[in-house]
Amino acid sequence: MVEDLKSLDDLKAAVAGTPAAAAPVAAPRLPQRDALGRAYATGKRKDAVARVWIKPGKGKVVVNGKPMAEYFARPVLQMILKQPFTVAGVEGEFDVMATVAGGGLSGQAGAVKHGISKALQLYTPELRGALKAAGFLTRDSRVVERKKYGKAKARKSFQFSKR
């Protein structure tokens with residue numbers, strides 16, 4: 001009997017008294033697209049929130065009605081937006097339309113990147129493994145620490161004077 005078991009799952013199923021075929025299997029993820037063939041996701045970083053729609057296209061990225069190069073003028077921010085496509089291996093295959101609000105440019109770029117990553121894995125579930133391994137599907141939970149009373153800033157104290 002034990003020689004017939006091929007894996008640890010088979011052994012557990014045999015101990016439980018159920019056949020190995022009855023073990024629960026995760027349902028495959030299905031693409032989630034709207035009536036226009038787009039995938040939608042919300043990305044967040046610091047105080048910035050981005051609403052992102054992706055659809056098959058030529059790789060055009062529009063943020064708040066402006067081309068990516070115009071809205072995010074710094075090359076580093078443009079590189080941040082392109083990272084999900086590079087990791088997934090789909091550069092130039094999707095058009096992106098994003099609206100972003102709150103925070104500064106760096107936080108907004110991170111929010112759009114998070115939104116693009118989530119939308120990509122909703123559009124094509126096979127890309128989830130690569131995006132998750134790169135850490136692009138996880139919301140960066142670091143936010144600015146609040147100012148406390150009796151302090152100059154969040155942690156900085158006023159200058160001490162003995163007399």
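**Note on the aromatic pairs, sheet and core**

1. Tyrosine 40 counts as partly exposed, because its relative accessibility is 36% (buried is under 20% relative accessible area, exposed over 50%, partly exposed in between, with a 1.4 Å probe and protein chains only). The model is predicted, so local features need pLDDT of at least 70 and side-chain atom pairs count only at pLDDT 80 or more, while totals for chains, interfaces and linings use all residues. Residues are numbered from 1 along each chain as its sequence is written, and side-chain values use heavy atoms, with hydrogens and water left out.

2. There are 3 aromatic pairs in the structure (rings of Phe, Tyr and Trp, the last by its six-membered ring, with centres within 6.5 Å; planes under 30 degrees apart are stacked, over 60 edge-to-face, the rest tilted). One of them joins tyrosine 40 and tryptophan 53: the centres are 5.0 Å apart and the planes stand at 45°, so this pair is tilted. Tyrosine 40 belongs to strand S1 and tryptophan 53 to strand S2, so the pair ties together parts 13 residues apart in sequence (helices, H or I of at least four residues, and strands, E of at least two, are DSSP runs numbered from the N terminus). Tryptophan 53 has a relative accessible area of 17% and is therefore buried.

3. Phenylalanine 94 and tyrosine 123 make an edge-to-face pair, with 5.2 Å from centre to centre and 80° between the planes. Here strand S5 supplies phenylalanine 94 and helix H4 supplies tyrosine 123, so parts 29 residues apart in sequence are tied together. Both residues of this pair are buried. The ring of tyrosine 123 also has the charged end of arginine 33 over it, 3.8 Å from the ring centre (for a charge over a ring, NZ of Lys or CZ of Arg is within 6 Å of the centre and within 35 degrees of the ring normal).

4. The sheet is open and consists of 5 strands in the order S1-S2-S5-S3-S4, with mixed pairing (strands pair if DSSP finds at least two bridges between them). S1 and strand S4 (66-67) are the edge strands, each pairing on one side only. Between S1 and S2 there are 7 bridges, in the antiparallel sense; lysine 44 has valine 49 of S2 as its bridge partner. H4 lies across S1, S2 and S5 and runs at about 145° to S1 (axes are lines fitted to C-alpha atoms, for helices over the stretch in contact, with angles from 0 to 180 degrees between N-to-C directions).

5. The largest nonpolar core has 33 residues, of which Ile54, Phe72, Leu81 and Leu120 touch the most other members (a core is a set of buried Ala, Val, Leu, Ile, Met, Phe, Trp, Tyr and Cys joined through side-chain atoms within 4.5 Å). Elements giving two or more residues to this core include S1 (39-45), S2 (48-56), helix H3 (75-88) and S5 (94-101). H4 contributes the most, 8 residues. Beyond four places in sequence, the contacts of isoleucine 54 include Phe94, Leu120 and Tyr123 (contact means heavy atoms within 4.5 Å).

6. Alanine 48, in strand S2, is buried because its relative accessible area is 1%. Outside four places in sequence, alanine 48 is in contact with Gly107, Gln108 and Ala111, among others.

7. Glutamine 108 lies in helix H4 and counts as buried, because its relative accessibility is 7%. Leaving aside residues up to four places away, glutamine 108 touches Ala48, Tyr71, Phe72, Val100, Ala101, Gly102 and Gly103. From the C-alpha atom of glutamine 108 to that of phenylalanine 72, 36 residues apart along the chain, the separation is 9.3 Å.
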